[in-house]
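Subject: Structure handover

Hi,

Here is the structure for your files. My notes on it follow below.

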Amino acid sequence: MSKPKPETATGLVDAANGRPIRRHTETGAYYVKASGSAHFWGRVLDALVFLAGYSVLAVIAAVARNAMMNSGSLLAFNDGFWLALYVILWFVGLLVYGMIWGAVGSVGDAAAGLRSVRIKDGTTAGAWLGGWRAICWSFFPFFVVMVIAAAFSGGSGETWDPKFAAVDRRSGLALGRQPIPDPKAPAVAQPSAAEREDLPNLYGQRPDARP
């Protein structure tokens, strides 16, 4: 049994940006992928927003620890506890930000004009799955490498999750403009047709020639 393709081409392009029109595999609805650069900068902004929020939490924790030290609390001198607290805050922060991302979209999505949706039907991840997808940001160096590779290759998939794609919400299709035929498609099909037409003339024989 062959594995179904995660997305299908349509032979159409967006009237506004010229990028290929794709079709969701289950619903058949059209969509346009966001550009690789938009996806990259959107995710960079998400990372910066999360790091800023985490820094605020870390500062609050540090202030609380300093206050506990001044009051003579033994817990304030327990380095293992505070290290574990910072780790917990990291993953809880990712989970919360991811839940927002999966439910209503992230800051990076809004700024870059994109939205992460399922390729099969165009639905969003939802809060719970979005939170767990954001946990993958803990592998941040690997994620950055993959997104940079996608940006340079012109791709815009969610790189580490092939079931999702970043959809362009500023495309002509999203704004109600009808897609147009891909001008490159006839150029690709024409040589193939010419080759098929020339096949009967191999070795100087006509289609009705007899041996």
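The accessible surface of the protein chain is about 12,900 Å², and carbon and sulfur atoms hold 67% of it (Shrake-Rupley method, 1.4 Å probe). This is a predicted model: local features need pLDDT of at least 70, side-chain atom pairs count only at pLDDT 80 or more, and totals for chains, interfaces and linings use all residues. Residues are numbered from 1 along each chain as its sequence is written, and side-chain values use heavy atoms, with hydrogens and water left out.

The fold first. The protein chain has 6 helices and 6 strands (DSSP runs: helices are H or I, at least four residues; strands are E, at least two; both numbered from the N terminus). From the N terminus, the order is β-β-β-α-α-α-β-α-α-β-β-α. Of the 211 residues, 31% are buried (under 20% relative accessible area; exposed is over 50%, partly exposed in between; 1.4 Å probe, protein chains only).

Now the salt bridges. The structure holds 4 (a side-chain nitrogen of Lys or Arg within 4 Å of a carboxyl oxygen of Asp or Glu).

Arg19 pairs with Asp168, with the closest N and O atoms 2.3 Å apart. Arg19 sits in the loop between β1 and β2 and Asp168 in strand β5, so the pair ties together parts 149 residues apart in sequence. Arg19 is partly exposed at 24% relative accessibility. Asp168 is buried at 10%.

Arg43 bridges to Asp46 at 2.9 Å. The two are 3 residues apart in helix α1, about one helical turn. Arg43 also meets Asp109, at 2.9 Å from N to O. Shared partners join Arg43, Asp46 and Asp109 into one salt-bridge network.

Best wishes
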